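The text below goes through them in turn.

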Amino acid sequence: MEEIKTPTHGNQKRKTIAISALAIIVIIVGISGYFYIQYKKNHISTDDAFVDGRIHTVSSKVPGTVKNIYVTDNQFVKNGEALLEIDSQDFDMRLKEVSSGLDVEKTRLSELRYKLDTAKKQLEEIKSAVEAAKAYLELQEANMKQAEIDLKRAEDLLKEDVIPKERYEKTKTGYDIAIAQVKSARESLRQAEARLVTQKALIKQTEASLEPQKALIRQREASLGAAELNLNYTKIYSPSDGYITRKSVERGNQVQTGQPLMAVVPLDDIWIVANYKETQLERVKPGQKVKIKVDTYPGRIFKGKVESIMAGTGAVFSLFPPENATGSFVKVVQRVPVKIVFEKGTDPEHLLRVGISVVPTIIVEK
């Protein structure tokens with residue numbers, strides 16, 4: 001009987017141990033699951049994220065032939081550093097042509113102003129001549145009146161035989177001369193007044209021609225400014241600090257206005273665009289800290305913070321946004337882009353590149 005009880009007692013003991021071990025495992029799994037769930041609640045991550053940044057596309061503002069290129073692919077350049085140069089001979093010729101035309105028009109304006117000044121001086125002289133002619137006419141009219149009085153007196157004296165006929169004839173001749181002098185003075189005054197009217201018309205015409213000439217000069221100056229700009233545009237400079245990418249031009253190439261030639265990417269101004277599910281954003285707020293894992297550097301953690309949450313989902317701003325009112329609606333969890341900026345000094349070597357994949361984890365408040 002004792003030999004039969006011993007195996008049963010051993011089995012019971014092993015069963016108790018197995019149940020205890022299973023219970024311990026369940027407890028450990030439960031505790032681990034609880035802490036994992038709590039961790040996931042406070043650490044929201046996504047693998048739908050990438051590094052983004054500003055890409056300055058460099059293009060030409062003028063057409064021409066590329067004369068010199070001063071950079072190569074992936075070269076670091078400073079803001080304002082020369083990138084390439086377009087042959088400027090045609091633009092030099094155009095600048096000289098416009099400049100010469102401007103000088104001609106300025107000379108023409110100077111001539112008009114000199115002509116106007118001279119005409120105004122002549123006008124003053126003519127006015128003086130008119131006044132002198134009026135005074136001379138008044139003098140001659142006074143002489144004529146006196147001659148007329150003398151003639152009438154001589155006629156009376158001649159009838160009374162007081163004076164000889166010879167004296168009367170001299171008086172008559174003096175009267176005729178006075179009449180002629182009055183006519184001559186009136187004609188001189190008329191001519192002077194006519195010259196005055198003509199001179200005023202000339203001044204008015206010259207003054208009227210000044211404004212069109214000034215407008216023409218302004219037009220020439222604008223053309224000169226445009227020619228100078230186009231000449232300056234033959235030299236293309238970097239718009240910012242950064243690295244040369246997508247270089248698609250070589251020396252001797254013919255380029256057109258607006259044609260992309262290369263791009264400059266500043267790696268000191270990059271950020272992350274993380275497309276989180278809409279169900280993950282309940283507790284996400286700007287300013288929360290972010291831990292960033294980068295596929296390229298699996299053993300390194302970068303730090304950042306949430307800067308902003310986009311005002312709409314990615315689907316809304318796509319080329320063909322969804323039309324849920326068409327009757328074929330299927331609910332799909334949408335993704336909302338979240339902008340995450342790097343903390344200063346987290347990437348001093350500028351290892352990160354625009355477009356690489358990252359896994360950001362937002363640490364939300366408990």
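This is a predicted model: local features need pLDDT of at least 70, side-chain atom pairs count only at pLDDT 80 or more; totals for chains, interfaces and linings use all residues.

Residues are numbered from 1 along each chain as its sequence is written, and side-chain values use heavy atoms, with hydrogens and water left out.

How many salt bridges does the structure hold? There are 14 salt bridges, each being a side-chain nitrogen of Lys or Arg within 4 Å of a carboxyl oxygen of Asp or Glu. Among them is the pair Asp150 and Arg153, whose closest N and O atoms are 3.2 Å apart. Both of these residues belong to helix H2 (residues 89-159), where they are three residues apart, about one turn of the helix. Helices here are DSSP runs of H or I with at least four residues, and strands are runs of E with at least two, numbered from the N terminus.

Asp150 counts as partly exposed because its relative accessibility is 28%. Arg153 is also partly exposed, at 45% relative accessibility.

Helix H3 (residues 165-233) holds the pair Lys170 and Glu166, four residues apart and so separated by about one helical turn. The closest N and O atoms of this salt bridge are 4.0 Å apart. Are the two partners buried or exposed? Lys170 is exposed, at 60% relative accessibility, and Glu166 is exposed with a relative accessible area of 53%.

Lys172 and Asp176 also lie in helix H3, again four residues apart, about one turn of the helix. Their salt bridge has its closest N and O atoms 3.3 Å apart. Lys172, with a relative accessible area of 32%, is partly exposed, and Asp176 is partly exposed at 35% relative accessibility.

Lys289, Lys291, Lys293 and Lys303 form a positive surface patch. Residues in such a patch have over 30% relative accessible area and no salt bridge, and like charges are joined within 9 Å; the place of a Lys charge is taken as NZ. Which element gives the largest share of the positive patch? Strand S12 (residues 289-294) does, with three residues. Lys293 is placed in strand S12.

Definitions and conventions
Patches are made of residues with over 30% relative accessible area and no salt bridge: like charges are joined within 9 Å, nonpolar side chains (Val, Leu, Ile, Met, Phe, Trp, Tyr) within 5 Å. Accessible areas come from the Shrake-Rupley method with a 1.4 Å probe; for residues, only the protein chains shown count as cover. Lys and Arg count as positive and Asp and Glu as negative; His and the chain ends are not counted. Buried means under 20% relative accessible area, exposed over 50%, partly exposed in between (1.4 Å probe, protein chains only).
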